[in-house]
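Welcome, and let us take a walk through this structure together. We will go from helix to helix, with a few stops at single residues along the way.

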Amino acid sequence: MASDMQSAWFVDAMVKATTDCWEKGWDERNGGNVSLRLLDSDIAPYAPSVLRQIPLADPIPELAGQVYIVTGTGKFFRNVQLDPRNTLGVIRLTHDGAALDVLWGFADGGGPTSELPAHLKSHLARQALTGGRDRVIMHCHATNLIALTYVLELTDANVTRALWEGSTECLVVFPDGVGTMPWMVPGTEIIGEATARSLGRRALVLWPFHGVFGAGPTLDDAFGLIDTAEKAAEILVKVLSMGGPRQTITTSDLTALAARFKVVPQPEAMALTGWRLASRGGE
């Protein structure tokens, strides 16, 4: 039997994912958070005991007994690789989903990310949609995606169409498109519920003027999803700085692309003749 969870594959995987996000420039200071749902087989070799318990303000009985490794509140992604035991934690929801048992980590007495409500509700939504296949929720401050939220008309179809036209591979990687929502105060139950509703339809959701949430079966999948969208956003930001597109990927091009890779693209985005910038207005 293994003696210390710090040697577990899922700790190493979280160290790599958070370091990759930091090196991309997506997670300044304590910005961003990641959670990975663990299976019984993942933690069984360590026979963890409960170190302490943290109550949940909003119980989620549907996730009772589930185990997650999550980033800690107030922790810097740049430091995860230096001190995983302090910056990460393994938690298990109690039998009634009303509290968290800390099984490992958060060594300084801290706790999970302040965005945990958004993560847990999003996990619930993704499990329902994918039959339990999706195990990761990743939130970061991807620079160019944030920049686009200041200039694009913020509808799911419009943002999706813009990113699909920003790079050929986008329709293949996220055919369901991108979710959008109004600006909300982070760390609240309201934003958590809104995020979960959107992730119940699409694997990628933008928080305007703030960041992005991505979901997937693995940390690589969630990271790759965000990375693909962010690359398209970077291209669009550059194109806009050059005065806007003179030619682009057309609807017929997107139709051919979908047929070639056997994906079903979001109908609302396909129905558009192009993407639109937001109109200028006051507060």
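Please keep in mind from the start that this is a predicted model. Helix α1 passes helix α9 in a right-handed crossing. On the α1 side, the contact is made by Ala13, Met14, Ala17, Asp20, Cys21 and Lys24. On the α9 side, the residues are Leu219, Phe223 and Asp227. By class, this contact of α1 with α9 divides into 6 nonpolar, no polar and 3 charged residues.

How are two packed helices described in general? The description uses the angle between their axes and the distance between the axes. For helix α1 (residues 9-24) and helix α9 (residues 219-241), the angle is about 15° and the axes are 10 Å apart. Angles under 35 degrees count as roughly parallel, and that makes α1 roughly parallel to α9.

Let us stay with α9 for a moment. How far apart are the end C-alpha atoms of α9? They are 33 Å apart, which agrees with the 33 Å that its 23 residues should span at 1.5 Å a residue. The buried residues of α9 are Leu219, Ala222, Phe223, Leu225, Ile226, Thr228, Ala229, Glu230, Ala232, Ala233 and Leu236. Two of the names in that list, Leu219 and Phe223, also belong to the contact with α1. If you follow the chain just past α9, you come to Gly243, which takes a positive phi of about 105°.

Helix α9 has another partner, α6. The axes of helix α6 (residues 156-166) and α9 come within 8 Å and cross at roughly 85°. Since angles of 65 to 115 degrees count as roughly perpendicular, that makes α6 roughly perpendicular to α9. Here Ala162, Leu163 and Gly166 of α6 meet Ala229, Ala232, Ala233, Ile235 and Leu236 of α9. The residues of this contact divide into 7 nonpolar, 1 polar and no charged.

Now look at α6 on its own. How many of the residues of α6 are buried? The helix is mostly covered, with 11 of its 11 residues buried. Among them are the charged residues Asp156, Arg161 and Glu165, along with Trp164. What covers the buried residues of α6 includes α5, α7 (170-173), β7 (204-207), α9, α10 and α11.

At 12% relative accessibility, Ala157 counts as buried, because the limit for buried is under 20%. Leaving aside neighbours within four places in sequence, Ala157 is in contact with Gln266, Glu268, Ala269 and Leu272. Ala157 and Gly224 lie 67 residues apart in sequence, and their C-alpha atoms are 21 Å apart in space.

Helix α5 (residues 143-149), named among the elements that cover α6, holds Thr149. Is Thr149 buried or exposed? Its relative accessibility is 4%, so Thr149 counts as buried. Beyond the neighbours within four places in sequence, Thr149 is in contact with Leu154, Leu206, Pro208 and Phe209.

Next comes another helix pair, α4 and α8. The axes of helix α4 (residues 116-130) and helix α8 (residues 189-199) come within 8 Å and cross at roughly 20°. These two helices are therefore roughly parallel to each other, and their crossing is right-handed. From α4, the contact takes in Pro117, Ala118, Lys121, Ser122, Ala125, Arg126 and Leu129. From α8, it takes in Glu189, Gly192, Glu193, Thr195, Ala196 and Leu199. By class, the contact of α4 with α8 has 6 nonpolar, 3 polar and 4 charged residues.

We finish in the loops, with two residues whose backbone angles are worth a look. Most residues other than glycine have a negative phi. Arg29, although not a glycine, has a positive phi of about 45°. Its place is in the loop between α1 and β1 (33-38), and Arg29 is exposed, with a relative accessible area of 57%. Lys262 also has a positive phi, near 55°, in a residue other than glycine. You will find Lys262 in the loop between α10 (251-261) and α11 (267-271), where it is exposed, with a relative accessible area of 74%.

Note on methods: Residues numbered from 1 in each chain as written. Predicted model: local features only at pLDDT ≥ 70, side-chain atom pairs only at ≥ 80, totals over all residues. Heavy atoms only, no water. Helix = DSSP H or I, 4+ residues; strand = E, 2+ residues; numbered from the N terminus. Buried < 20%, exposed > 50% of the residue type's maximum accessible area, 1.4 Å probe, protein only. Contact = heavy atoms within 4.5 Å. Axes fitted to C-alpha atoms, helices over the stretch in contact; angles between N-to-C directions. Parallel < 35°, antiparallel > 145°, perpendicular 65-115°, else oblique. Left-handed = near helix turned anticlockwise from the far one by under 90°. Expected span 1.5 Å × (residues − 1).
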